[in-house]
Amino acid sequence: MKKKFTIEGDKYIWEAVIGMEVHAQVSSNSKLFSGASTDFGGDPNHHVSLVDVAFPGMLPVINGYCIDQAIRTGLALGAQINLYSVFDRKNYFYPDLPQGYQISQFKYPIVGEGVIQVHNTDEDVFSVGIERIHLEQDAGKNIHDLSPDKSYIDLNRSGVALMEIVTKPDIRSSEQAKSFFSKLRTILRYIGTCDGNMEQGSMRADINISVRRPGDPLGTRCEVKNVNSFRFIGQAIEYEIQRQIGILEDGGHIIQETRLYDTKTGETRSMRGKEEAQDYRYFPDPDLLPLRLSQQHVDELKKGLPELPDDKHERLVHTYGISHYEAAILVEDPKAAIYFEDVAQKSSHKLAISWVIGELFGALNKSKKTIDACPVSTENMASLLSLIDNGTISGRTAKDVFAKMFETGEEPTRIVDREGLQQVSDTSAIEDVIDTIIANNPEKVAQLKEKPKLRGWFIGQIMQQTGGRANPQLVNDLLDTKLAQ
Amino acid sequence: MSFDKKTIMHVAHLSNIDLPEDKIGEYTDKLSHVMTFIETLNEVDIEGIEPMTSVLDLELPLRKDEVTEGNIVTDILLNAPEKNDDYFVVPKIIE
Amino acid sequence: MTALTDLSLTDAQRLLKNGDISAVELVKAYLKAIEDAAILNCYVTICQDKAIEQAKQSDLRLSQGNARPLEGIPIGVKDVFCTKNVETTACSKILKGFIPPYESTVTQKLWDAGAIMLGKLNHDEFAMGSSTEYSCFGPVISPVRKNGETTAHVAGGSSGGSSASVAARLCLAATATDTGGSIRQPASLTGTVGIKPTYGLCSRYGIVAFASSLDQAGIITHTVEDSAAMLTQMVGYDHKDSTSLATTTPEYHTHLSKDVSQLRVGIPKEYTSSDMLPAIQRMWEETADMLAHQGAKIVEVSLPHTHYALPTYYVVALAEASSNLARYDGIRYGNNISNSTQLIQRYRENRAQFGEEVKRRIFLGTFVLSAKYYDAYYIKAQKVRRLIRDDFNTAFEKVDVLLTPTTSGAAFALGEKLDDPVAMYLNDLFTVPVNMAGLPAISFPMGKDSAGLPLGMQLIGKPLGEQTILNTAYFLEDARGKIPKLHPWWLNNTSKGM
């Protein structure tokens with residue numbers, strides 16, 4: 001459903017127009033054009049080859065795996081795969097760019113147009129057009145805080161493969177931008193082309209923002225560079241929209257420029273010194289040849305794609321009868337969905353969803369663990385749920401057992417056996433307990449007629465005397481029978 | 001076209017090469033001469049011709065995704081005029 | 001007995017194998033000759049100790065009977081080939097002091113074949129020039145002079161140190177590179193043999209790049225047979241170069257043949273011009289006659305876009321060069337001369353170390369790639385480049401090789417063309433089209449001008465047609481007859497005062 005996005009200024013009503021260029025690091029072992037490692041956090045200049053430092057006579061040789069990941073990403077976004085693409089040089093000087101040019105794709109990118117459906121809220125489901133995806137080299141890192149008058153350069157990141165995913169200006173609010181970014185991240189993680197690790201800079205965005213009065217042509221845009229968290233995406237857009245509206249309402253005009261988001265102040269500021277119009281002098285890299293793909297290779301990659309989030313969502317709802325809300329939670333993390341399905345296939349679907357989303361995710365959150373590091377295996381989780389299902393333990397006991405499983409990784413049956421937690425389902429044993437309680441409390445039995453609430457007291461007594469292990473359903477039934485006698 | 005002062009200053013700026021004021025005239029003269037020579041290309045009929053980047057009609061060779069290089073920081077920094085603690089060092093960059 | 005330095009490479013190989021001479025003797029003789037010829041300014045680095053050490057290893061192998069193909073052969077290396085632990089400068093101030101921690105593929109292959117490096121050879125800075133006058137080490141003086149005159153002449157360029165060192169017998173062979181004629185033109189001007197193979201046949205890994213889509217390594221030698229023996233060891237697929245050809249190559253020297261009876265030889269009519277030296281015109285005709293006499297078929301062919309090859313070359317080569325030379329900033333390696341506390345000023349001061357010609361080329365290359373002019377110059381040149389390549393394809397439907405002079409004139413005096421870049425560029429008129437099409441070509445001496453300066457002929461082959469051009473040159477070299485030894489006038493001028 002279409003929602004209207006307008007912002008009230010002091011004088012006019014405004015609308016924001018936002019497009020993003022997302023830089024997603026390809027999850028590869030080695031760099032795009034060299035055999036150096038892409039591992040995060042190595043000692044400075046240790047993951048650097050002779051090619052990465054751009055020694056004289058060094059030549060790029062492309063990593064085929066990275067090409068495949070860009071194709072798979074394009075396929076997952078339903079995008080056009082270009083069977084002919086070209087690597088260009090983008091020429092500019094910066095100490096983190098040893099070659100004096102970045103190898104990128106300009107005129108002929110590997111992936112063309114596609115689209116992503118984004119569910120922001122139930123009232124706001126929208127689609128974002130993908131303009132293109134191209135492969136390029138990451139730059140190194142300039143470090144400014146190790147010396148008062150010097151900058152230090154670490155080239156470990158230099159040459160790491162990035163996919164630049166460029167959207168059309170289809171985004172209208174900071175919330176939409178965050179939802180889009182999240183959806184994109186989910187898809188990339190699903191297909192494993194990018195780990196989506198924002199702390200390590202695996203996903204960053206350049207955001208193009210302009211404002212206009214609804215119905216007007218597009219306004220002048222500013223590009224906010226290198227925003228690397230959901231929160232900052234939201235803040236940068238909000239700040240920039242207000243800044244631009246402020247200028248326009250004061251009768252000023254927006255200068256097209258590149259701006260930097262300051263994470264400390266939450267503001268954006270102009271990148272001085274880079275204002276002179278750049279001329280990157282793109283031209284095809286003569287050290288490389290055009291990339292020609294066969295349709296057959298693309299088809300094979302398409303066949304090998306895992307189920308995508310939207311498809312998975314629908315299937316989970318239909319197969320397991322869970323709600324859209326529950327499905328959405330599972331789909332967000334492909335590993336969570338796999339965990340759930342593993343459990344659900346071996347136990348009751350109803351129990352599976354409530355225990356995985358409730359107890360398990362709660363415990364993981366509390367202990368700051370990811371599903372990868374989950375101490376409870378899917379087998380153990382399923383057998384715990386079976387113990388509930390077949391009445392061996394009660395739901396309440398199960399929570400205690402689960403807590404122990406989460407701590408030790410033990411099998412639930414062993415915990416239950418060792419600690420004698422089996423539910424008492426032996427009718428005669430429960431009858432004996434009930435008989436004794438009735439015999440010892442004739443006055444309570446007599447009061448029952450006036451105070452039906454006293455029934456709870458009897459249940460409590462029974463559970464207490466059975467150590468909480470009596471099958472609650474059985475207790476209910478037997479107590480009614482006995483009292484009626 | 002002739003290479004004027006503005007053009008020379010612009011390309012010197014783009015290529016990050018210091019160009020003393022008194023040298024500019026020499027560059028504009030010589031490069032304008034070369035440009036006249038280059039502009040004989042305008043005589044060629046290039047209608048419908050595709051640009052050719054490489055004479056090779058080969059597939060782009062692909063590398064396997066393996067880590068085969070790295071951990072040669074001594075070699076990497078061997079020739080660096082200014083270095084410290086395994087880093088290259090430059091004058092402070094103001095962003 | 002012949003002096004050790006007068007031997008051809010093939011002769012030296014035989015004598016070494018027979019134990020008639022030792023590699024140490026040979027290397028020492030060359031080191032002495034290099035020292036005595038300091039005035040020619042051929043070598044920018046001399047690897048005396050390393051060369052003698054290597055020679056001892058070679059002698060050991062020779063005595064043990066496990067000699068490799070080029071065992072004990074002393075050669076010179078153009079200073080654009082990166083050599084591990086040996087200073088490599090590209091004859092530019094910006095790279096002075098640069099010690100590569102790696103070896104170029106081509107030189108590695110030569111060392112693996114047993115060749116010995118005497119030192120690094122002078123050339124035009126970053127291989128940009130046609131006279132080796134644009135080197136930060138000063139110009140190479142050609143060992144070749146006009147009869148009875150003492151005026152210093154150029155040895156051609158950019159591989160002037162390679163051609164001069166071979167001509168003056170300061171090495172048995174010299175590696176070189178050719179982007180627009182930098183092997184063939186200096187070979188022609190010094191009476192030596194120079195071959196540039198098909199683009200992609202020699203790996204470009206570890207060679208300081210000038211124009212990546214044109215650069216190709218090759219060799220300058222005394223004889224065609226020597227070139228064949230050297231080239232055999234230099235070519236081959238390299239996974240470190242994405243433009244390397246995955247093809248099997250023959251042992252060129254063992255397949256040499258003087259039989260040209262079945263050969264179809266094309267004479268491109270566009271290469272004749274009214275201002276061509278009569279001596280060159282005559283030599284061209286005589287060479288064609290020699291081939292015809294053996295039964296070869298001489299055919300006139302047309303390469304209609306020849307006239308545009310040079311301007312096309314300058315656009316393409318300089319565009320690529322402007323980008324290839326962006327890495328030289330004196331930050332990660334190279335000569336930092338800037339004390340500036342401003343990063344941008346450090347770039348600008350360090351990069352101002354480039355020589356004037358290199359700067360001109362960077363400026364021009366930057367210009368033709370700039371957004372406003374990209375289509376008008378760069379894209380247009382790329383299109384004309386295709387037309388030039390297509391011209392050759394059409395011609396090669398009818399012939400096996402093309403025969404042309406290598407240059408339109410003989411060597412010129414030092415300084416003669418320095419003030420006119422276009423006059424300098426015109427030196428490459430006959431060599432540049434070959435690079436535009438990525439073809440193999442060889443230059444070999446076939447005559448002299450009226451003043452006794454050497455003149456070279458060029459044979460252009462089809463892609464991977466190295467054997468054919470080598471064979472044809474092999475026949476013509478024999479038909480031409482022996483070239484008398486140069487008078488070593490430079491020996492009288494070794495005083496330190498020079």
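Start with strand β10 of chain A, residues 150–154. Four bridges join β10(A) to β3(B), and the two run antiparallel. One pair to find on screen: A:I153 stands opposite B:F88, which sits in β3(B). A word of care here: this is a predicted model.

Now widen the view. Which strands make up the sheet, and in what order? There are four, and the order is β9(A)-β10(A)-β3(B)-β2(B). The sheet is open, and its pairing is antiparallel. Look at the edges next. On chain A, the edge strand is β9, residues 141–143. On chain B, the edge strand is β2, residues 83–84. Each of these pairs on one side only.

On to chain C. First, its contact with chain B. Here 40 residues of chain B meet 54 residues of chain C. Which elements of chain B supply at least two residues each to that side? They are α1 (5–14), α2 (24–38) and β3 (87–91). The largest share, though, comes from α2(B), with seven residues. By class, chain B's side has 27 nonpolar, eight polar and five charged residues.

Last, chain A against chain C. This contact takes 25 residues from chain A and 34 from chain C. How does chain A's side divide by class? It has 16 nonpolar, four polar and five charged residues.

That's my tour. Over to you.

Terms used:
Residues are numbered from 1 along each chain as its sequence is written. Chains are lettered from A and ligands numbered from 1 in the order in which they are written. This is a predicted model: local features need pLDDT of at least 70, side-chain atom pairs count only at pLDDT 80 or more; totals for chains, interfaces and linings use all residues. Two residues are in contact if their C-beta atoms, placed from the backbone, lie within 7 Å. Ala, Val, Leu, Ile, Met, Phe, Trp, Tyr, Cys and Pro count as nonpolar, Asp, Glu, Lys and Arg as charged, and the others, Gly among them, as polar. Two strands pair if DSSP finds at least two bridges between them.
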